[in-house]
Structures are given as C-alpha cells and as structure tokens.
Amino acid sequence: MIELLATVISSAFFVTVIRTTTPLLLATLGGLIADLSGALNVALEGQMLVGCLTAVIVSVYAPWYVAVLAGLGSGAVLGLVMAFFALRLKADIILVGFAINIMAAGGTVFALAMATGGDKGTSINLVSKAIPPVDLSFLGVIPGIGPVLVSLLSGHSVLSWVAAFLVFAIWYFLYRMPWGLWLRGVGEYPAAPAAAGIPVNAVRAWSLVVSGGLAGLGGAQLAMFNYVGFARDMTAGRGFIALGAVLLGARHPVGALLAALLFGAFEGLAVVMPGLFADAPAELIRMIPFIVTILALVLFSYRAQRARQMRTLSKS
Amino acid sequence: MAPLLQAISIGKTYPGGVVANDGVNLSVSAGEVHAVVGENGAGKSTLMKILFGIERPDAGTLLLDGKPVSFTNPREAIEAGIGMVFQHFSLVPSFSVYENVVLGAEPRNGIGFDREKAIAEVRALSEKFRLHVDPLPAVGSLPVGQQQRVEILKALYRDARILILDEPTAVLAPQEVEELFVAVRALVAQGRTVIFIAHKLPEVLEISDRITVMRAGKTVGEVGSSEVTEQSLATMMVGRDVALRVDRAVTAGELACEIKALWVRSDAGQPLVQDLNLHVHAGEIVGLVGVEGNGQAALLDAISGAQPIAQGVAYLNGTSLGPLSTLERRAIGVANIPEDRIAQGLAGGASVAENLVATKLADRRYVRLGLLDLKAIKSNAIALIERYSVRVGGPAQAVSTLSGGNMQKIVVARELSEQPKLLLVSQPTRGVDLGATQFIWKSLTDARDAGAAVLLSSADLSELLALSDRLVVFYRGRLVAAFLNSAALTPETLGSYMLGLATQTEDEMKVALR
C-alpha cells in the first residue's frame, strides 16, 4: 500500500496521468461541443479509432504533424458524415453514431490488413512516427523549483499542451463569443435561434465536424504518443468514457477537464499497479477505469437529482 | 396614403393538397394596429408565415413601401423590418433576458460578445417602449407575461417597423392583457405598426384600428373596428349566425364527487395542490379557473389517476378513488378529456376505430377471449363518427391525419359515448374551430344534463364563464375564491383572484362551495 502511495505521489505518475488523460480530454471536449449543440455524438469511439489508424498510416510517409492533422481530419470527416445522415437525411443520430462505431471497428482492421499486407492485429510491421515530447529542460536553471518544474512539465506530448489550451479556448468560445451563445441556444431550445435567423442545422453540423475532429486528434495522441503504432480496438471504450465525462463534468469545459483527469488518473493507476501487485489478476486491474466511470456516473446523476429537488423546493 | 405592407392575392397550397391561402389580400397602413381574425384553420397563421418568410407563397405578391419583396427566410424579413412574436415563445429558458434579446445579432468587441453593451441596449429599449423587464434574470424564471415582453423586445432590438403578434393574449391573464395593450399603444404612438392575430373578438375590437377577416383560406373583408360589433364580426368569420350560448344546468343533483383535504405533489415533492376541499354534484359543471400551472391540471391528474394523491381523499359516489388504478376509476364512471389530445388523448398512428375503443378493452362487446372483435369495433366507430359528425375518411384512417377539431371530437366521442358519472375536462376547445367548439360545448352540456358531474379546466375564461355553473379560482395550488356563475361575473373579477391580488374569506367562499 505504501509503495502504491509513493508511486502515486511521484512526478513520474503525474506524467503518466497527463499522458493517459490527453486523448480522453480531447474526446471529451469533442463530446461536449456536440452535446451542447443538441447533437449527441455517440460516434466518438469510432472517430477516435479511425483517427488512430489514419495518423499511424500517414506518419509512415509524412512528418508527424501531417499525420496528426490527418488524424484530426479523418475524425472531422466522420463528423461530417454523421451530420449529413442525421441532419440532412434526418436519420436517428444515435443509430448513425453506432453505425459509425461498428464501421470503424471493422473498417480499421480491414484497412490495417491492406496497409500491412495481411496483419489484422497490429501495425508492428509499419515504421510509424511518434509525436515529439516538448522539452522544457531549460527551466532547470530556475533556482530551487527548477528541477521539480522540469520533472513535472517537461516531456509531455505537444497535444497535451494543445488540449490544455483548448479547454480555455472552448470555454472562451462558449461563454464569451457570440457563436458560443448560438451553439448553446441551438442545443437548449432550437426554436429560439431559428426564429432569430440563426441556421440551426449549420451550427449543429459544424459542432459535429469539430467534435469528430477533436476525437480524431485524441486518436492521434493515442496512437502516436501513448502507444506508437495501431492495434485493433486500441481505443478500448475511451470514446464512451468521454461521453460519460461530458456529463460528469456538468457539460462545462473545466468540468470536462476535471472529469477527464479523474478517469485518466485511474487509467494511470491501472498502468502502474500490475508492477506493484504481482499476484492481482491484470484483467481486474484493467477494469478499474471502467468501474470508476460507472460509479462516478451513478453518483453524479444521484446528486443532480437531489440538486433539482432542492432547487424546485427553494423556488416554491 | 399608400399602405406600408400589402399582400395581393396570395395563394399557398401545402403538399398534400391543403389549400391554406387562396387569393388573400391584406393591406396594412403605417402606424395602425391591424387585426387579422378568423377561425382556426382560416389561414391566418399561413399568411403570417408568408409575411415573415417562413413559408413561400405559390402565388401573389408582397409589397413593402410599395416595392415588391420576397423573403426566403425569416432573416430577410427581419432585415426588412418585420418582427414576429409567436404564440409559442422562441426563448432559450436558461439564457438571461438580454442574451435572448440579442441572440443572433449580438454586439461585439473584437471576437468577443459585448455583454455590457447588450445589457445597456436592452435597458434603453425597455425604457423607450415601456416594456418593463429586468435584463439580467434567466428567462425561464419569469412569468409568461414578461416572457412575452422579452419576445417583443427581441423584435424591436432588430428594429422592427412592423410587429406581428400571433394570438398574444391566449396565454395571458386579463390584467396582463391590459399591460400588453398599453405597450402596443406605446409602440404605435412611436410610429411602429402592429399586426395582431386573434380570435377573441372583444379584445380585437378594443385594440385594433382596422380588421381583416379571413375564412377558409380567403379574405372575407376589411372593416374599421368602429364600424362593426362583436356579433357582426363573428358572423363574418363563420359565414353564418353563431350562438355561443349554452343553457345552465336546471338543478344540481346529488353529491357525486367529494374531495377532502387533498394534496398533490410534483415528482420533486413540491406541492401542486394544497389542502383542497371541493364538492361536485351530479348535473353541474364546476369551472377550475387559474393561470396555467396553479394546480388545476394537477387536480384533474390526481382524480383521473395520472398522478398520485399525496394526502387527503377523493370520493366518487362514496368510493375512494385513491387506491384505484386509472382503469378501475374508469370502470366506476370517471371519464377524462385530457389537455393534450395528441400526447394524452389519442394514439396518433392508430386508426379512428382503434382509438374509439382504446379505453374499453375490458368490455365484452369488443374483446372476447382476449381477441378483438373487429366487426363490433368497426360498427362502433361508424356509429360514433355519425353521431359526433366527425369529418373523416373512414374508421380505418389514422387519427394523426385529422384536423385538431376532428381529433378532439374523437376524444369526446370516446369519453362520452357511455354516460360518465364524473367527467374531467381540460382545454376542450384549444386549437379547435368555432363550429367544432359549438358541438363540443353541446356534448359537454348534454353529458351534464344526463347526470354527469363535470370538472372543467380551461385557459379561455370566456369558455369557463359560458359553460360553468360554479367557478373556483386556483392560485398557487389553493382555492382563493369561489363563485356561482352569473351574468355579473366578469373576467376582470376572476383575473384579480387568478393573479393572487385578492383572496376571498372562508365565509365568502362557503356560499359557492355547496
């Protein structure tokens, strides 16, 4: 137990948590934008998975940043596909989302086999690139706290910094820019923005595109930093955990950050624990992030219900 | 003077062949209040949607300032200076008043949203047009009358010269109607033009300068409001003389329904009906008066079984209703014409015949050995369609394809085809045309005369005054007044109790709570 505590409060664990959190946070922000626009994006999982594979394959032939953009782009395209079916052809958005997830699960394996010449499990035969870590070791010259800063802040993925910035950028967009007002209005009561001449479906379509793009970016981080290379179903439910994190984060960007950190921390725990508890089955330990997700959502909806009751009582 | 806005021989046929507008003419002069009246389905809403760019006309021209215009969407109409306040408000509940007002045309500073400026502009507008409302609170927390002002401010913020108000008084209490009219007059005094859609004729005559009458998709004529009376307008609207009068109950019978110390709570535990005591006798209609959401609906739900009774008891002819299921209550003579016929009263995709027996599936006439007797169901439907003169293609037609009035007739036919002992009625004629209204009123009074005890709730005070033998007023879940209906009872009197401005004492109420 003491070993576990020592591990958890070490700076190495902090770095691990940031690494596990980043793809989740990007997908959660994507889910948040779609959810606030009133178009629930259940395809985050599939968009992430396609983002993973696209990034890996492109990185074989192109520089890492092109691969990252390709991952983002592939998610965005899937978001656009979703918008086309759900908004233009008026298909049920949940079913469209699941169709994308199923197609992504099968399609990535198929495309992987095509790209590797028959390997249906991993991209181990492809020489894919990684996202370079941001080296901040120059901070070490700061007297006193320098070394601590370096151990905490140096070596993260570029996308971790991007994700942190996006939390702020999306908050600013949602609450300080007119378009954010449009987006939230469209999500809450579409008749109002429609009457004010705001193109409701265009707002939703853009939200889905951005949402898919963020999920794809999360996929790029997963396949080019957390792991280097693609493995079938490597997203392992992160897209669905992200959907839960949107709710748990009270549909707010900062809440999304905290929720993603929570889930990221437990995923980090699942990474370090097998080394510490050799006799505990690894499968059980890997279940921890998912069990925490369920518990957190149950607790959250219980609290939300209580809060609603309190609110209506105080109003009377 | 040339008219400000003119519509010339507008035609609009919806896909499916419904002719909504057929050669409609409208001519509105600057600075007037112009009412457009007509029954439901006369084509008023379609005409307004065309003026506001929601629908495009198939024929005819629109002239604004004498120049032809055509709007492909509301945004273009807004830019041309036309604003519209819909009957169902288009407001985002969690947004503040000022956010709602500026939504879609926000003042900006760089890439950001300039909140300070938005608040200041909303304050200035509400000052200028005497539409008092605080810009800061969330719209969802405001009463309906204030929400309507927010809607009007929204149009004015976009600099609307012409303001279309679609049945603005439908949701307001009489005092709020007065405030609205003050604002409308202030608007006109400052050079704005108001188009006022309505079907409550006394209000139309009070507020408007000129009136265009529509019937069955055509314009019947345009008159000055000083030249007409309520009666002559009604005749123009319907095309024949209408008698919207009903006979009072002859005598009240035995005590049928007794409600004692009844409490109803919302799911969140908030009291909706508090400590209510009420007697309803066979052969009388008791009108439940109140602004929506003050407990009338909750009372009806608790008695029908849609919502549990939290405390207290309700008896029907000595049987306590509390422990009974909705079906068991129906079996002992409770009938229910619910507020929302589409969501609660009917199954839209099912056929007319199926809907007409939906509450009678325990009846041996229609169901034997667990199998439907299709022949009996069909002949029942044919008989009821005939008796209630429902305009429908046949018993197999899906209910969702009927007009509002015919849908409501199906509900009424089902509930009244067997004489009920206790009849619960909510908004029986909302969205129903005058002809069907007359018919439904007659059906209700027939049921009453045959011995039903009737509890009637309606947002339309004139309906309550026309039908009820006694009236009780709800305010925040409590009874605050009770009246025996008489010609001397006015909507204004009821209004002051509805808004909680006045409360009767126990003794005053006792007279009418027999």
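This report describes selected helices, cavities and residues of a predicted model.

Helix α2 of chain A runs over residues 11-36, and its 26 residues should span 38 Å at 1.5 Å a residue, a figure with which the 35 Å between its end C-alpha atoms agrees. Of the 26 residues of α2(A), 21 are buried, so the helix is largely enclosed by the rest of the structure.

Beyond the end of α2(A) comes G38(A), a residue whose phi is positive, near 85°. S37(A) is placed in the loop that joins α2 to α3 (44-61) of chain A, and because its relative accessibility is 0%, S37(A) counts as buried. Leaving aside residues up to four places away in sequence, S37(A) touches L183(A), V186(A), G187(A), R204(A) and S207(A).

## Helix α14 of chain B

Among the buried residues of α14(B) are G405(B), N406(B) and M407(B), together with K409(B), R414(B) and E415(B).

## The largest cavity

A search of the whole structure finds 2 cavities of 30 Å³ or more, and the largest of them has a volume of about 120 Å³. Its lining draws on both chains, with A195(A) and A196(A) from chain A and, from chain B, residues including F52(B), I78(B), S90(B) and R158(B).

Two elements of chain B, the strand β6 (82-85) and the helix α5 (144-157), each supply at least two residues of this lining. Sorted by class, the residues that line the largest cavity comprise 7 nonpolar, 2 polar and 3 charged.

## The second largest cavity

The second largest cavity holds about 50 Å³ of space, and the residues that line it are G145(B), Q148(B), R149(B), L172(B), E176(B), E179(B) and L180(B). The elements that give two or more residues to this lining are α5 and α6 (174-189) of chain B. By class, the lining of the second largest cavity has 2 nonpolar, 2 polar and 3 charged residues.

## Two loop residues of chain B

K200(B) is found in the loop that connects β10 (193-198) with α7 (201-207) of chain B, and with a relative accessible area of 22% this residue is partly exposed. When residues up to four places away in sequence are not counted, K200(B) touches T169(B), A170(B) and D460(B). A separation of 30 Å lies between the C-alpha atoms of K200(B) and A59(B), which are 141 residues apart along the chain.

D363(B) lies in another loop, the one between α12 (352-357) and β19 (367-368) of chain B. Because its relative accessible area is 19%, and buried means under 20%, D363(B) counts as buried. The C-alpha atoms of D363(B) and A331(B) are separated by 9.9 Å, while the two residues are 32 residues apart along the chain.

Technical notes: Residues numbered from 1 in each chain as written. Chains lettered and ligands numbered in written order. Predicted model: local features only at pLDDT ≥ 70, side-chain atom pairs only at ≥ 80, totals over all residues. Heavy atoms only, no water. Helix = DSSP H or I, 4+ residues; strand = E, 2+ residues; numbered from the N terminus. Buried < 20%, exposed > 50% of the residue type's maximum accessible area, 1.4 Å probe, protein only. Contact = heavy atoms within 4.5 Å. Expected span 1.5 Å × (residues − 1). 1 Å grid on protein atoms, 1.4 Å probe; cavity = no way out; pocket = protein on both sides within 12 Å on 5 of 7 lines; lining within 4 Å. Points joined across faces, edges and corners; volume = space filled by probe spheres on them. Nonpolar A, V, L, I, M, F, W, Y, C, P; charged D, E, K, R; others polar.
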